[in-house]
There are 6 protein chains.
Amino acid sequence: MRILVVNVNTTASMTAGIGAQAARVAAPGTEIVPLTPRFGAESVEGNLESYLAAVGVMDRVLSYDQPYDAVIQAGYGEHGREGLQELLDVPVVDITEAAASTAMYLGHRYSVVTTLDRTVPLIEDRLLLAGLDRRCASVRSTGLGVLELESDPERAVEAIVAQAEAAVHEDRAEVICLGCGGMAELETAVRERTGVPVVDGVAAAVTVAESLVRLGLSTSKVRTYAPPRPKRIDGWPLA
Amino acid sequence: MRILVVNVNTTASMTAGIGAQAARVAAPGTEIVPLTPRFGAESVEGNLESYLAAVGVMDRVLSYDQPYDAVIQAGYGEHGREGLQELLDVPVVDITEAAASTAMYLGHRYSVVTTLDRTVPLIEDRLLLAGLDRRCASVRSTGLGVLELESDPERAVEAIVAQAEAAVHEDRAEVICLGCGGMAELETAVRERTGVPVVDGVAAAVTVAESLVRLGLSTSKVRTYAPPRPKRIDGWPLA
Amino acid sequence: MRILVVNVNTTASMTAGIGAQAARVAAPGTEIVPLTPRFGAESVEGNLESYLAAVGVMDRVLSYDQPYDAVIQAGYGEHGREGLQELLDVPVVDITEAAASTAMYLGHRYSVVTTLDRTVPLIEDRLLLAGLDRRCASVRSTGLGVLELESDPERAVEAIVAQAEAAVHEDRAEVICLGCGGMAELETAVRERTGVPVVDGVAAAVTVAESLVRLGLSTSKVRTYAPPRPKRIDGWPLA
Amino acid sequence: MRILVVNVNTTASMTAGIGAQAARVAAPGTEIVPLTPRFGAESVEGNLESYLAAVGVMDRVLSYDQPYDAVIQAGYGEHGREGLQELLDVPVVDITEAAASTAMYLGHRYSVVTTLDRTVPLIEDRLLLAGLDRRCASVRSTGLGVLELESDPERAVEAIVAQAEAAVHEDRAEVICLGCGGMAELETAVRERTGVPVVDGVAAAVTVAESLVRLGLSTSKVRTYAPPRPKRIDGWPLA
Amino acid sequence: MRILVVNVNTTASMTAGIGAQAARVAAPGTEIVPLTPRFGAESVEGNLESYLAAVGVMDRVLSYDQPYDAVIQAGYGEHGREGLQELLDVPVVDITEAAASTAMYLGHRYSVVTTLDRTVPLIEDRLLLAGLDRRCASVRSTGLGVLELESDPERAVEAIVAQAEAAVHEDRAEVICLGCGGMAELETAVRERTGVPVVDGVAAAVTVAESLVRLGLSTSKVRTYAPPRPKRIDGWPLA
Amino acid sequence: MRILVVNVNTTASMTAGIGAQAARVAAPGTEIVPLTPRFGAESVEGNLESYLAAVGVMDRVLSYDQPYDAVIQAGYGEHGREGLQELLDVPVVDITEAAASTAMYLGHRYSVVTTLDRTVPLIEDRLLLAGLDRRCASVRSTGLGVLELESDPERAVEAIVAQAEAAVHEDRAEVICLGCGGMAELETAVRERTGVPVVDGVAAAVTVAESLVRLGLSTSKVRTYAPPRPKRIDGWPLA
């Protein structure tokens, strides 16, 4: 089984990290193919960048010319999953949703700890659309940018642990989701420090994608995600 | 006052129709500038096309080099408004939201009548995100594509009236929103035939945009719609 | 165009202030007619007074004998708008709803800052009924009575700014609505102090009313707001 | 124990019917005092009339000069209960809420069958405000006016049974609430015909009021229903 | 009228306390029969124990061989009420729901003060299922176990008052429900100390059960609570 | 990896069918251990039976004396999952939730097709508690009992297909969940006939359980699902 794991930003080292995290959890026989969009922001931290990423991820997947069995969009709270579902016959999994839905098996309520304060509403909106919001206790931010996670992992762990503990004690969360594709490597440290289950979206998404493939299930094509109608589209694919 | 009214698709005749509808309702002294994206689909009827439109509209607005006071995104149920709000200091109005929020002044519940069945969930999702869903009685589709509205207006009126009447009698709507930028010219006909208020999103959005400008109000920049952080963005603007 | 702006309380100086605020924002050619009910409380700060105001406002409008194009009910969180909609053919706009729906164009969430703590639930209830509650971050009170706003505007600004800042930082609001007809004159001061958009309901309502008139739209008469059936009503109109 | 049961309309024969229904279910030792407002509509079937009733009921209760232990507002879906709660120290019970909350002990979902279609949204709004809406399967109308119930009880029973059966089979209700004070006398007939529990609001409200009195409980005065502040109120009490 | 009041745990002294509280509020002519399950936990403070209690209560009621008119399940936030409703023709009242629905007559929002933090989600879940959650301001815990309430009532009062005051001032509750069958005897003390209405679920449930009996109403049998189908059930009744 | 798959009823042939379905989808190296409760109903079709099943499943798991890695509760819409989560350190997966959360990856809305009409509210309640209800378009019943599925699979397929098609066309579902553990063997037939993805809860739950084990995740123990406190529990374990 081959799974494409598409980073939403154009920072290759982050793609590598995400790919490594995905490979770590993948079942024997699953090949992980990490991909970086051909255009877009070096880090996605807002709506403009997220909309660009939606198109950049679709463009990157369409230009991949080998067969594959599932696609993971490895961005937290980003736009775009619905477009991939229209374009593809294979299952598409967004890490925001995979993390939340995994967390809901583990506790009564979960919280998300993410990067900048400005990305909190984007994550809240995606959880609302996904219908996974009722058991979300809170989305909290560390104040660290996406690229700072990479450059100073120790500080990142401290900041995440502080917010995770506030989530557990003040917001009554029982599970923590790491709200950024780039937080994957910090999972163990945060879990040890907080004592509650910690869900990394990339890892969760790999198991969801594998599960859907094994179950022989893929996106329904009867209405929302029917293939695009044949029509003139100028400048697409973009790259 | 100058208001940019940006079509979401690349069909110039539709841009002209939208521009004419906007100009019809504009106050004296308001200049309407209709714009067509430089890339994207000839009609937007699904998620891929809608995400492309989000980026295409942002690209078109950024490349407009004259001053302006407000921007209207003239697509029903489309992605993108949040990105414009980040990028711009002037107010941004989406016609889906302008229609709904106008309708809510006129009756206890409203329905939207749109084009294809596949676009219904996109509109429902945008109303949910906008927090304008509780008083939405239904989103109904005529089964006609966006471009068919233009080519056969008489048939379009019949189909819209049929759905509007079902909305009033079965779904208990009291107001009808025309759920497509290209339906603007049919407004009077539908109103006469159904006997309930009919809201065209483009017209509503023009008055909302003018109102915000006159009130001296624009997008809050404290969190969700703060300007993008300075960073490397490859291939942007796209065109 | 002539718009009646009806105060909910019987304090004439407050009617004058509301009228002045409405006139300031009105378009050229719009005549603002401020009206004071012929009975009711000098300030409306609770349910008894609000129900009296509902009837007092209807009574006052019915006894106005000139033609007019729209009616604004200038009370925050008060009862009565639905009765006016039944009685009148012209559009009716409540400032609570106009403020909220205007705020929703400007940020992800908004808060209302109002007078006494006891009026908070009334405002929450009206927003719930109006279907404008989902994006309301909080309704906060300053502890100042309606008439204290007038008598000590400096203290009022301080109290409002304090609550507005708490709303932005603790409740994650991005826009502030001034939750009292009598707060209109403080709008600029609060805006300057907080750095976020501040919406005054009276001003917002004027632009909404003008917009509806220009769009040729008024209350739907098919069900909820159909004209009262002919019947015996003792003691009405009351005054 | 003495309970005031206040009709919302000015039709004395209806007050008598409501009083008889209340007396039928009252415990030994409970005295029922039926009251008719001194002004207002002969039947309440819309917002204008309902707001008048809110004030008319308060006025009537205030002018009652004997001691009493509780007040029942005997109108379905009407305004006003909150004002009584502010004014009085004794418990106040609205029949709309008493019926719904009683029905919720009896089945998974309940429906309300009411008079005219135009009153459906008023009842829905009151249930929403009361927080009793989630288990409401539907509010259905018979199309009969309030006074027609009295004049043609046989036809009324047929119409109510038809809607009740539709509620059970189509809307999945398991309990029916009779949505009009004047339907009380039809309760047994409807129950026998439909085979599901049928709740009359007046009867339910009497037991609720008696229960609150026996429990020594009354309206909380800490915030929403604190007594009105001392102030000038022109023309009140009205009659 | 005879009402069975079934404790959910197997501590006989607690059954006696509950019975005494029920008897105190019962109408003349109402006989209260307190019952203790024949198996289960000495105190119910979690899901395992609550599921056991659900079965233990059904078992105890089925083995009671005298006629009775209603059953009260005297556990806060526990499972089981639905099973009793299927099995019995008489009304079944859960104290969690009786307390909440009584509180809703008394203030705009209510809070529950319960024992251990771990039982908070159980109560929240039961209120959600009952459709009584919208006006619940919070469920707060004292940190005291069920049996500690009995052994140290003075400390219990202090702890409950502290949480009740936090509920009123921070969560904006206006009424307090005592969230444990064993808190009944503390009701007066808490009421005096907090100044807001305090609802004990056992007392409230007695009046609800009496009311339903007097109204001639019992559980609807058309769908959810239809009698169990005839079938083989191994090991039942259990004891 | 060893996964216990516990039937909720005592019909051994059904346990065998569930076990076979689980084994079919299990990964290489996963051992499926199907278990039948030692007491309870031969089929679970209501609340009494479901509560008995909750206790029967806990009893059966506790008396299993080999090591295992996860537990699946194979009943649709049944009580009990929360108790297992308290008792066990390994992940617990309910098939109702596994089916719904799997379906949500595949389409905008899903429907459940179940057995008897009386079980519909139980399933709705479990989805509500699980926070998986927003994207549920409907829960529909075939009118066939649990044991009839086994005895007449052809008729069962027809009945399920009829409801599934109604769900897709009338309720706007895009995915169908088979709402009964015993429907597993009909999955392929229903999928072929309807053309939309069909999710069997047992199969879905196996992949979820395997995923949680592989991710090293299990139930959070900080609050709701903390181990039961040490205390006297009479008659437990029951068998």
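Author: A salt bridge here is a side-chain nitrogen of Lys or Arg within 4 Å of a carboxyl oxygen of Asp or Glu. By this rule the count over all chains comes to 117 salt bridges. This is a predicted model: local features need pLDDT of at least 70, side-chain atom pairs count only at pLDDT 80 or more, and totals for chains, interfaces and linings use all residues. Residues are numbered from 1 along each chain as its sequence is written, chains are lettered from A and ligands numbered from 1 in the order in which they are written, and side-chain values use heavy atoms, with hydrogens and water left out.

Reader: Which residue forms a salt bridge with E:R2?

Author: E:E31 does, with the closest N and O atoms 2.9 Å apart. Helices (H or I, at least four residues) and strands (E, at least two) are DSSP runs, numbered from the N terminus. E:E31 sits in strand β2 (residues 31-35) of chain E and E:R2 in strand β1 (residues 2-7) of chain E. The pair links distant parts of the chain, 29 residues apart.

Reader: Now the interface. How many residues of chain B are in contact with chain A?

Author: Contact means heavy atoms within 4.5 Å. By that test, 47 residues of chain B touch 47 residues of chain A.

Reader: How is the size of an interface often given?

Author: It is often given as the accessible area lost when the parts come together. Buried area is that loss for two parts (1.4 Å probe), summed over both. Chain B and chain A bury about 4100 Å² between them, with 57% of it on carbon and sulfur atoms. B:L48, B:Y51 and B:R118 supply 19% of the area that chain B buries against chain A, more than any other three residues.

Reader: How many salt bridges does the rule find across the interface of chain B and chain A?

Author: It finds 12. In one of them, A:E86 pairs with B:R118, the closest N and O atoms being 3.6 Å apart.

Reader: And how many residue pairs are in polar contact there?

Author: A polar contact is a pair of N or O atoms within 3.5 Å; within protein, one must be able to donate a hydrogen and the other to accept it, and residues adjacent in sequence count only if both atoms are side-chain atoms. Between chain B and chain A the count is 28 residue pairs (both at pLDDT 80 or more).

Reader: Which element gives the largest share of the side of chain B that touches chain A?

Author: That is α2(B), with eight residues.

Reader: Where does a strand of chain A pair with β3(B)?

Author: Two strands pair if DSSP finds at least two bridges between them. Strand β10 (residues 233-234) of chain A pairs with β3(B) in the antiparallel sense, over two bridges. A:I233 stands opposite B:A41 in β3(B).

Reader: What is the strand order in the open sheet of chain D?

Author: Four strands run β7-β6-β8-β9, with parallel pairing. The edge strands are β7 (136-141) and β9 (198-200) of chain D, each pairing on one side only. Axes are lines fitted to C-alpha atoms, for helices over the stretch in contact; angles run from 0 to 180 degrees between N-to-C directions. Neighbouring strands of this sheet are turned by 25° against each other on average, direction ignored. Strand β8 (residues 175-179) of chain D runs parallel to β9(D), joined by three bridges. There, D:I176 stands opposite D:V198.

Reader: Which strands does helix α7 of chain D touch?

Author: Helix α7 (residues 153-169) touches β6 (110-114), β7 and β8 of chain D. Its direction makes about 155° with that of β7(D).
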